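This briefing is for a reader who is new to the structure shown below. It begins with the chain as a whole and then takes up selected parts by topic.

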Amino acid sequence: MLTNSEQQEILRRRTFAIVSHPDAGKTTLTEKLLLYGGAIHVAGAVKSNKIKRTATSDWMEIEKQRGISVATSVMGFDYAGYHINILDTPGHQDFAEDTFRTLTAVDSVIIVIDSAKGVETQTRRLMEVCRMRKTPVMVFMNKMDREGKDPFDLMDDVEQELGITVTPISWAHGQGVKFESVFAVADGIAGREPLSDKEKADMELIEGVYPVFDKEAYLRGDLAPVFYGSAYKTIGVEELLKFFVENAPSPRPVEAVERKVDPMEDGFTGFCFKIHANMDPNHRSCIAFFKICSGKFERNVYYKHVRKDQQMRFSAPTCFMAQKKETVDEAYAGDIVGLPDTGNFKIGDTLTAGENLHFKGLPSFSPEMFKYIENADPMKQKQLDKGIHQLMDEGVAQLFVSQLNGRKIIGTVGQLQFEVIQYRLEHEYNAKCRWENMAMYKACWIESDDEEELALFKKRKAQYLAFDKEGRDVFMADSAYVLSMAQNDYKHIKFHFTSEF
Ligand code: G4P
């Protein structure tokens with residue numbers, strides 16, 4: 001049994017991600033939260049993890065980026081008796097899949113919106129993932145110190161574009177240059193002398209139109225509380241943080257294939273959602289990031305690596321306080337531990353106190369871009385194969401192998417990932433690759449209850465079939481037409497755009 005104080009440790013944890021479209025103010029807000037938590041003492045201490053396409057070659061940026069992102073992967077600090085873990089997500093959209101995986105390790109999300117721009121494309125995609133997982137979200141309307149959209153229009157925008165009911169918790173006194181503070185909507189208008197006539201009218205409208213904040217609805221992912229402010233000017237940030245720690249969920253139960261795992265359970269369980277390779281090619285080691293789903297993790301205690309059916313213990317697990325990595329003796333459900341690794345782990349792996357569990361919800365998404373990968377140095381075939389496999393285990397991109405001719409196809413979310421792979425193969429594995437363009441529209445995972453039809457499909461479409469890394473059948477359609485014809489002709493075959501169905 002967990003002791004009382006161990007249970008309290010779990011209950012006081014708040015593990016979340018801040019997500020936004022690039023430039024909305026995620027880095028600035030993160031930094032201000034860290035300042036409130038006393039985790040940093042000067043503004044400017046958090047490096048933006050943006051990869052900017054500049055005159056410098058991209059891979060230089062990538063290397064810098066990888067250095068920064070270890071430090072900012074998880075930022076832990078204490079505030080008002082709560083223990084907060086902020087998980088960083090990559091800003092660049094070519095790494096969207098990393099962001100989706102990170103979202104599987106959080107218990108809630110804060111969405112930052114630029115009040116001059118409203119909801120933008122990347123915010124929409126991120127919200128889809130939150131909705132799929134029923135992750136509770138709060139919304140911070142940032143940059144109210146600039147002339148922006150009307151606060152009511154912004155809320156309409158969120159409701160329509162993100163498909164979630166909202167209710168304002170704080171409201172702005174003024175906007176643009178006149179913006180200087182926020183006030184609590186819940187206080188109403190009675191006895192509120194400082195409110196202008198316009199603000200009183202706003203409060204009446206809010207009372208008439210928006211629901212009262214309902215914590216249960218928020219925790220179900222049905223209602224998003226909204227805050228207004230300026231991260232840059234540190235206005236409205238403390239209001240958000242206070243409300244957040246009091247209302248955001250402590251670690252939530254996690255679904256495994258076998259059963260639902262409760263954070264308060266005795267036995268430790270956790271899953272790997274991210275692998276970070278060392279930047280030094282002479283020391284090929286990684287950090288595997290595990291989200292603890294239940295119980296307590298302890299240093300030097302044996303745990304079961306379920307996929308490998310092996311007992312392992314860890315002498316130097318790290319936790320992340322502020323921006324520093326520290327060795328820890330114990331960590332609790334909700335926390336993220338970094339385990340030094342030399343190739344034992346891949347994304348989705350489970351560690352437990354002994355039980356055979358497999359956590360769900362780390363799907364691969366159908367990539368957007370595809371290229372054949374070819375060996376450019378015949379003497380280094382082994383190195384190339386090893387590199388490709390390890391990079392795929394890290395989740396850098398997805399590998400497909402043509403069932404027709406055995407050629408290897410790499411699928412990514414964006415062009416930048418091809419550059420990362422080529423660069424890393426060369427610098428970490430001493431292997432050279434070449435890319436060959438291919439016409440490809442979508443990769444979909446296929447499944448059917450109708451064995452006969454499936455067999456017929458596989459025979460007729462042999463030239464379009466590939467295996468994914470787990471050996472599952474994937475249909476590689478080279479055009480929208482080919483896909484829709486296939487869907488039309490084979491009614492009993494399901495075409496899935498994520499690997500988990
Ligand atoms: P991101 O991580 O979401 O990509 O955004 P980031 O915090 O880096 O902010 C993007 C830009 O917006 C930065 O300006 C930042 O200073 C500015 N910003 C963030 N919050 C606010 C706000 O509340 N009000 C105003 N007016 N600006 C804000 P930059 O010029 O790109 O960088 P910097 O030179 O200011 O560092």
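A residue counts as buried when its relative accessible area is under 20%, and as exposed when that area is over 50%. The model is predicted. Its protein chain has 501 residues, of which 54% count as buried. The chain contains 13 helices and 29 strands.

**The chain overall**

- The accessible surface of the protein chain comes to about 22000 Å², and carbon and sulfur atoms account for 49% of that surface.

**The surroundings of the ligand**

- There are 17 residues around the ligand, and the nearest are Asp 23, Lys 26, Thr 27, Thr 28 and Asp 145.
- By type, the shell consists of 4 nonpolar, 7 polar and 6 charged residues.
- Helix H2, residues 26-36, contributes the most to this shell, with 3 residues.
- A polar backbone atom of Asp 23 lies 2.6 Å from an oxygen atom of the ligand.
- Ser 230 places a polar side-chain atom 2.9 Å from an oxygen atom of the ligand, while a backbone N or O atom of Ala 231 is 3.1 Å from an oxygen atom of the ligand.
- On its own the ligand has 710 Å² of accessible area, and the protein covers 68% of this.

**Asp 349 and its loop**

- Asp 349 sits in the loop that links strand E20 (336-341) to strand E21 (350-352).
- Asp 349 is buried, because its relative accessible area is 4% and the cut-off for buried is under 20%.
- The side chain of Asp 349 reaches the backbone nitrogen of Lys 346, at a distance of 2.8 Å.
- Setting aside residues up to four places away in sequence, Asp 349 touches Gly 270, Phe 271, Cys 272, Phe 290, His 305, Arg 307 and Asn 344.

**Gly 334 and its loop**

- Gly 334 belongs to the loop between strand E19 (330-332) and E20.
- Gly 334 has 0% relative accessibility and therefore counts as buried.
- Pro 251 is 83 residues away from Gly 334 along the chain, yet the C-alpha atoms of the two are separated by 5.1 Å.
- Pro 251 is also among the contacts of Gly 334 beyond four places in sequence, together with Thr 15, Asn 85, Lys 291 and Ile 292.

- Strand E26 (residues 442-448) runs antiparallel to E28 and is joined to it by 4 bridges.
- Strand E27 (residues 465-467) is also antiparallel to E28, with 3 bridges between them.
- Val 474 in E28 is the bridge partner of Trp 445, and Val 474 also stands opposite Ala 466.
- The hairpin of E27 and E28 has 5 residues between the strands, and in this hairpin Gly 471 takes a positive phi near 85 degrees.

Note on methods:
Residues numbered from 1 in each chain as written. Predicted model: local features only at pLDDT ≥ 70, side-chain atom pairs only at ≥ 80, totals over all residues. Heavy atoms only, no water. Helix = DSSP H or I, 4+ residues; strand = E, 2+ residues; numbered from the N terminus. Buried < 20%, exposed > 50% of the residue type's maximum accessible area, 1.4 Å probe, protein only. Polar contact = N/O pair within 3.5 Å; in protein donor to acceptor, adjacent residues only side chain to side chain. Contact = heavy atoms within 4.5 Å. Near = heavy atom within 4 Å. Areas by Shrake-Rupley, 256 points an atom, 1.4 Å probe, with all protein chains shown as cover. Nonpolar A, V, L, I, M, F, W, Y, C, P; charged D, E, K, R; others polar. Pairing = 2+ DSSP bridges.
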